[in-house]
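Here is a brisk report on one model. Look it over, then read on.

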Amino acid sequence: MKKKFLILALASLLGTGAFAQNRGQREYKIIINDADSVTNADVDAKLKAAFFQVYPGFAQADGYRTKRNVELDFVTDETPTIKARAGEIKVNSEWVKNKSQKKIEKELFTALSKNWVSYSKEKHKGYTLTLISKDPNLDPVVRKKLIKTYFEIYPTLVKTFNNKSTNNVLFVVDTAYKAVAEASGNRILFSAGYMKAHPTDIDVVTHETMHIVQGYGYSAGPVWLTEGIADYVRYKYGVDNVGSKWSLPAYNDKQSYKNSYRITARFFAWLEQNVKPGLIATLDQQLRAHQYTEQSWAALTGKTVDQLWEDYSKEPQKVTLTYSSK
Ligand SMILES: [Zn+2]
């Protein structure tokens with residue numbers, strides 16, 4: 001029952017273009033290894049067409065490190081079927097005979113979906129979240145919290161910072177991914193290992209979904225600024241920073257605003273309280289409009305970012321920090 005649901009749901013997922021919002025279509029390639037001519041050009045054409053219909057959607061959900069070049073081999077020693085995973089498709093030469101392209105597509109699709117442990121799609125007040133897990137040991141509590149936090153935080157971030165953001169987001173929990181998490185287009189990749197080790201660190205969702213809302217595209221501004229904003233937003237809008245023992249580190253003179261993440265975020269909290277409320281939202285808008293330059297700081301505050309950091313370093317304790325908790 002569950003399997004059937006998975007396949008049907010996946011069909012609708014691909015059909016409705018849930019992946020279409022990922023920027024930058026990448027190239028996919030299939031090599032059909034048919035040295036012994038077990039099949040003919042007509043079959044090859046159907047296999048190729050089915051591949052291009054189904055595989056890009058799978059690959060986008062699989063993550064950008066997935067294999068884009070796929071080899072297809074014919075096998076004769078297994079029950080007539082098709083098996084597929086990233087980079088590799090095995091087709092039984094008996095099975096492929098007299099099959100329509102649609103039928104091949106459908107079964108390729110089923111074969112690829114077996115690479116995922118679970119799939120779900122939820123809608124709430126105009127926002128959609130698709131969650132794919134490749135981790136058989138994903139704690140159901142963590143899974144629930146990921147979904148709950150998305151619906152709790154993402155609409156707020158969209159309304160506050162960028163109401164043109166997508167309302168259709170894809171979460172992928174991957175065992176092969178070893179960092180913490182990352183956002184690209186409308187997809188957020190979570191490390192299964194990290195979430196297992198840090199089940200309370202649910203505001204990773206806040207930081208990462210802010211990256212979707214930021215949507216600056218390429219070369220809009222420095223990385224420290226993008227990451228500083230995402231952590232400042234986690235600080236300000238996060239749902240349970242106390243629960244995850246996440247906080248902004250105290251200032252010391254070895255720091256620089258270019259350190260990024262929480263160090264930059266604390267500086268931003270200080271700027272919001274002491275220099276200009278709303279500064280971070282304005283910088284975020286400028287970055288998205290590709291209007292941000294180093295001069296933006298002076299134009300908005302009368303001081304360069306280095307001067308502002310200098311001011312911060314003189315009285316870094318002059319900020320009241322409050323953390324969210326459940
Ligand atoms: Zn980030």
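A polar contact is a pair of N or O atoms within 3.5 Å; within protein, one must be able to donate a hydrogen and the other to accept it, and residues adjacent in sequence count only if both atoms are side-chain atoms.

## Basis

This is a predicted model: local features need pLDDT of at least 70, side-chain atom pairs count only at pLDDT 80 or more, and totals for chains, interfaces and linings use all residues. Residues are numbered from 1 along each chain as its sequence is written, and side-chain values use heavy atoms, with hydrogens and water left out.

## Glu-182

The side chains of Glu-182 and Tyr-177 make a polar contact at 2.9 Å. Glu-182 sits in strand β8 (residues 181-184). Strands (E, at least two residues) and helices (H or I, at least four) are DSSP runs, numbered from the N terminus.

Glu-182 counts as buried because its relative accessibility is 17%. Buried means under 20% relative accessible area, exposed over 50%, partly exposed in between (1.4 Å probe, protein chains only).

## Zinc site

His-207 (NE2), His-211 (NE2), Glu-227 (OE) and Glu-227 (OE) coordinate the zinc ion at 2.0 to 2.8 Å. Donors are N, O and S atoms within 2.8 Å of the metal (3.2 Å for Na, K and Ca); water is not among the atoms, so sites may look incomplete. Along the chain, the donors follow the spacing H-x3-H-x15-E.

Both His-207 and His-211 are buried. They are 4 residues apart in helix α6 (residues 204-214), so about one helical turn separates them.
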